[in-house]
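Please keep the structure open as you read.

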Amino acid sequence: MAEASGNPLQSGYIRDVSGDKLKKAEEARDAAVQILTDALEKGLYGDPVSFHYTCSKPIDSYKFFCIPTQAFLRDLLHTMQKVDFKEDQNPGKKYIVAYVYTNAFTVYLCEKFWGAPDHLCFDSKPGTLIHEVSHLLGTEDFMYVPMEVELYEDHGTLMGRSQSIWCEDDERHYREDVTQINANSLEYEFEMVLNHKGGYMEGRYTCCGETKEHSVCKSQSTGHEVEMVFNHKGHYMSSRYACCGETEKDSFCSG
């Protein structure tokens, strides 16, 4: 979550992070640094997407939440190494995990952060820091729910169907544009697509043999497992899904 420029220290709820909480925060930052470093070393980034629209059905397509560039990942890694932490004990922010002010290199950690998983997975501590620190590089909070784009390649050109969606600013935006600047899209790309699908056992991941615990998978999927996790469980009836009330037919479940 990105806040406007301001002086958060005027709040009576802001505290220095110390003791076990400081250790957890620094371990989460170290994990995020290792994950970003590993993604760069494995070349899990792309060129800026040149998107061309098509009405045809995608063939041999792949799905993603965000395609970060090499330059962006390098900047994100450099910025991640510079941030420090404060704790926000405001009980009114119990549903917020963390936030930043875009004019400072400080991540404000809320109550929900401390219960998040330590390893890279859905809504994890490292993923949260990747999300928040990316705001310092210009990403925004257009969408908080998982949102993927499906593309296929045709003679070297990325093709796909354009879809407009309602975003947090109460405006409609094109999905393929939002994914490249939406902080949650970047977080989910790491947590749900680039992340290991096998467990970490006896010092290595069962999916690819990687020995570094805080890393990404060189055998990462194209996102089809993600579709299964977030797919709607209820039927689409009367212009909405029975499971969560979502009106967008081609969407993920928020329930």
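Predicted model: local features only at pLDDT ≥ 70, side-chain atom pairs only at ≥ 80, totals over all residues.

1. Burial of helix 3. Helix 3 spans residues 125-135 and is mostly covered. Eleven of its eleven residues are buried. Charged residues are on that list too: K125 and E132 are among the buried residues. So are the histidines H131 and H135. Others on the list include P126, G127, L129, I130 and V133.

2. Start of helix 3. Look at S124. A side-chain oxygen of S124 comes to within 3.1 Å of the backbone nitrogen of G127. This contact sits at the start of the helix.

3. Helix 1 against helix 3. How do these two helices cross? Their axes come within 8 Å, and the crossing angle is roughly 75°. Angles of 65 to 115 degrees count as roughly perpendicular, and helix 1 and helix 3 therefore fall in that class.

4. Residues at that crossing. Helix 1 (residues 19-41) contributes A25, A28, R29, A31, A32, I35 and L36. Helix 3 contributes K125, P126, L129 and I130. By type, the contact holds nine nonpolar residues, no polar ones and two charged ones.

5. Aromatic pairs overall. How many aromatic pairs does a search of the whole structure find? The search gives six.

6. F113 and W114. These rings form an edge-to-face pair. The centres are 5.2 Å apart, with 85° between the planes. Are the two residues buried or exposed? The cut-off for buried is under 20% relative accessible area. F113 has 0% relative accessibility, so it counts as buried. W114 has 13%, so W114 counts as buried as well.

7. F122 and Y188. This pair is stacked, at 5.5 Å centre to centre and 15° between the planes. F122 lies in the loop between strand 7 (106-109) and helix 3, while Y188 belongs to helix 5 (residues 183-193). The pair therefore ties together parts that are 66 residues apart in sequence.

8. Tyrosine cluster. Y99, Y101 and Y108 are also worth a look. Ring pairs link these three tyrosines into a cluster.

Terms used: Residues numbered from 1 in each chain as written. Heavy atoms only, no water. Buried < 20%, exposed > 50% of the residue type's maximum accessible area, 1.4 Å probe, protein only. Helix = DSSP H or I, 4+ residues; strand = E, 2+ residues; numbered from the N terminus. Polar contact = N/O pair within 3.5 Å; in protein donor to acceptor, adjacent residues only side chain to side chain. Axes fitted to C-alpha atoms, helices over the stretch in contact; angles between N-to-C directions. Parallel < 35°, antiparallel > 145°, perpendicular 65-115°, else oblique. Contact = heavy atoms within 4.5 Å. Phe/Tyr/Trp six-rings, centres within 6.5 Å; stacked < 30°, edge-to-face > 60°.
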